[in-house]
Amino acid sequence: KEFNNFTNNWFLDSKCNNVEILDIGIKLGGTCFVKNLISVEYKKNFDKDIKLTFDFTFFPTTKTIDMQLTFGERLYINFDNKRIKFNRKEINSDKKEIIKIVKENIYKKFKNNHKYRIIFSREQNLYKLQIIDFITNEIYYDIEYLDDNLNMKNKHIYDNLKISVGNNNSIILIESIEIK
């Protein structure tokens, strides 16, 4: 509810000073010379069903949309100017880690100065992503992905939730976050 105690539960990106905790929310993004993604992360064992809800706005200076939601080490969702991609980390036959696109949707990119709500959840093996207009409550996208649980990378696959933006590309203001 209040962002002044935000760091009690969340880990801020320590390699870059591009996460600001403000009275109205968290400003995430900017230029970083040592990392590709700037992020905030919540660490906990999420082996059970989980739902992450957050409200955000892209800053007026944002030209390129580059945002990522990460659920543990196995699944993450990338947003760019044209597509939403569900990516899964796997081990190939040579025992090397690979990234496989398991679902992809074309979408209209987020508008600057427009407030959105994202609801990202997992119920057993079903992942759901909703993108909602904060003002009108119109659901822009409602996407589901059923994980087949094949090719598990390791046994610590559900140990964090992360919200990231690309280095020097996107700056967002996260105005509320709820984890259930």
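**Exercise 1: The strands around β13**

Strand β6 (residues 67-71) pairs with β13 in the antiparallel sense, over five bridges. The model is predicted: local features need pLDDT of at least 70, side-chain atom pairs count only at pLDDT 80 or more, and totals for chains, interfaces and linings use all residues. Residues are numbered from 1 along each chain as its sequence is written, and side-chain values use heavy atoms, with hydrogens and water left out.

Task: State which residue of β13 is the bridge partner of Phe 71, and which strand is joined to β13 by seven bridges.

Solution. 
Step 1. Strands (E, at least two residues) and helices (H or I, at least four) are DSSP runs, numbered from the N terminus. Two strands pair if DSSP finds at least two bridges between them.
Step 2. The partner of Phe 71 in β13 is Leu 161.
Step 3. Strand β4 (residues 37-43) is joined to β13 by seven bridges, and the two run antiparallel. Here Ile 38 stands opposite Val 165 of β13.
Step 4. Strand β13 (residues 160-166) is itself mostly covered, with six of its seven residues buried. Buried means under 20% relative accessible area, exposed over 50%, and partly exposed in between (1.4 Å probe, protein chains only).

**Exercise 2: The sheet that contains β13**

Task: Give the order of the strands in this open sheet and name its edge strands.

Solution. 
Step 1. Strands of a sheet pair through backbone hydrogen bonds, either parallel or antiparallel.
Step 2. The seven strands have the order β1-β4-β13-β6-β7-β8-β9, and the pairing is antiparallel.
Step 3. β1 (10-12) and β9 (97-106) are the edge strands, each of which pairs on one side only.
Step 4. On average, neighbouring strands of this sheet are turned by 20° against each other, direction ignored. Axes are lines fitted to C-alpha atoms, for helices over the stretch in contact, and angles run from 0 to 180 degrees between N-to-C directions.
Step 5. At the β9 end of the order, nine bridges join β9 to strand β8 (residues 83-91) in an antiparallel arrangement.

**Exercise 3: Single residues**

Task: Determine which residue's side chain makes a polar contact with that of Lys 115, and whether Lys 48 is buried or exposed.

Solution. 
Step 1. Lys 115 belongs to strand β10 (residues 115-123).
Step 2. The side chain of Lys 115 makes a polar contact with the side chain of Glu 175 at 3.1 Å. A polar contact is a pair of N or O atoms within 3.5 Å; within protein, one must be able to donate a hydrogen and the other to accept it, and residues adjacent in sequence count only if both atoms are side-chain atoms.
Step 3. Lys 48 lies in the loop between β4 and β5 (50-58). Its relative accessible area is 69%, so Lys 48 is exposed.
Step 4. Asn 113, in the loop between β9 and β10, has a positive phi of about 60° although it is not a glycine. With a relative accessible area of 55%, Asn 113 is exposed.
Step 5. Gln 124, in the loop between β10 and β11 (126-133), has a positive phi near 55°. Gln 124 is also exposed, with a relative accessible area of 65%.

**Exercise 4: The whole chain**

Task: State how many helices and strands the protein chain has, and what share of its residues is buried.

Solution. 
Step 1. The chain has zero helices and 14 strands.
Step 2. Of its 180 residues, 43% are buried.
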